[in-house]
Amino acid sequence: VQLVESGGDLVQAGGSLRLSCVASGIIFSAATMGWYRQAPGKERELVATITGGFRENVADSVKGRFTISRENAKYTVNLQMNSLEPDDTAVYYCYARGSRWGRSYVSDYWGQGTQVTVSS
């Protein structure tokens, strides 16, 4: 399974960014997809997830500013980030929980991460 993120960048506070993650090797339509982030010196934390049934779970710290979406036909999960704050600065990781083609068990998978830096 491969998860390839894109869209990280340096942006000023109040700006917007859109992260995308393209998945391969996983039964995408049934997988729970999402985004986590890790700031320097802090633990990795949930940002948002979306299930195969399009049920969303969004962290309180980003609720109302970030929107998660998925495009099953493109094997893609997106994170639209608006009203960015310096505290949003972190490496953002794409996450998938699902089964590989031909396998019956469920596993967790991670992308390599993309840097988001918000300047004040």
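This is a predicted model: local features need pLDDT of at least 70, side-chain atom pairs count only at pLDDT 80 or more; totals for chains, interfaces and linings use all residues.
Contact here means heavy atoms within 4.5 Å.

Where does Phe-28 sit in the chain? Look in the loop between S3 and strand S4, the latter covering residues 32-38. Buried means under 20% relative accessible area. Phe-28 has 1% relative accessibility, so it counts as buried. For a sense of distance, take Ser-120: it is 92 residues from Phe-28 along the chain, and the two C-alpha atoms are separated by 37 Å.

## The overall picture

Stepping back, how many helices and strands does the protein have? The count is zero helices and eleven strands. Read from the N terminus, the order of elements is β-β-β-β-β-β-β-β-β-β-β. The C-alpha trace spans about 50 × 25 × 20 Å along its principal axes. The radius of gyration is 14 Å, which agrees with the value near 14 Å that a compact globule of 120 residues would have.

Of the 120 residues, 41% are buried. If you look at contacts between residues at least 6 apart in sequence, 56% of them join residues at least 24 apart. The accessible surface comes to about 6,400 Å², and carbon and sulfur atoms account for 46% of that. As for charge, there are 12 positive and 11 negative side chains, with the centres of the two sets 8 Å apart.

A polar atom of the Thr-76 side chain lies 2.8 Å from the backbone oxygen of Lys-74. Beyond four places in sequence, the contacts of Thr-76 are Ser-20, Cys-21, Val-22, Phe-28, Ser-69, Arg-70 and Glu-71.

That list brings in Ser-20, which belongs to strand S3, residues 17-24. Which side chain makes a polar contact of 2.8 Å with the side chain of Ser-20? That partner is Asn-78. Not counting residues up to four places away, Ser-20 touches Val-4, Glu-5, Ser-6, Trp-35, Thr-76, Val-77 and Asn-78.

Leu-3 is found in strand S1, which runs over residues 2-6. Is Leu-3 buried or exposed? It counts as buried, because its relative accessibility is 8%. Once neighbours within four places are set aside, Leu-3 is in contact with Cys-21, Val-22, Ala-23, Met-33, Cys-94, Tyr-95, Ala-96, Tyr-109, Trp-110, Gly-111 and Gln-112.

Gly-34 gives another reference point: it is 31 residues from Leu-3 in sequence, and the C-alpha to C-alpha distance is 11 Å.

## Two loop residues with positive phi

Most residues other than glycine have a negative phi. Phi of Phe-54 is near 70 degrees, a positive value in a residue other than glycine. Phe-54 lies in the loop between strand S5 (45-50) and strand S6 (56-58), and at 46% relative accessibility it counts as partly exposed.

Tyr-75 is not a glycine either, yet its phi is positive, at about 55 degrees. You'll find Tyr-75 in the loop between strand S7 (66-71) and strand S8 (76-81). With a relative accessible area of 30%, Tyr-75 is partly exposed.

## Tyr-105

Tyr-105 lies in the loop between strand S9 (90-98) and strand S10 (107-110). Its relative accessibility is 44%, so Tyr-105 counts as partly exposed.

The side chains of Tyr-105 and Arg-103 are joined by a polar contact of 2.9 Å. Leaving out neighbours within four places in sequence, Tyr-105 is in contact with Gly-98 and Ser-99.

How values were computed. Residues are numbered from 1 along each chain as its sequence is written. Side-chain values use heavy atoms; hydrogens and water are left out. Helices (H or I, at least four residues) and strands (E, at least two) are DSSP runs, numbered from the N terminus. A polar contact is a pair of N or O atoms within 3.5 Å; within protein, one must be able to donate a hydrogen and the other to accept it, and residues adjacent in sequence count only if both atoms are side-chain atoms. The radius of gyration is taken over C-alpha atoms; the globule rule is 2.2 Å times the number of residues to the power 0.38. Buried means under 20% relative accessible area, exposed over 50%, partly exposed in between (1.4 Å probe, protein chains only). Accessible areas come from the Shrake-Rupley method with a 1.4 Å probe; for residues, only the protein chains shown count as cover. Lys and Arg count as positive and Asp and Glu as negative; His and the chain ends are not counted. The place of a charge is taken as NZ of Lys, CZ of Arg, CG of Asp or CD of Glu.
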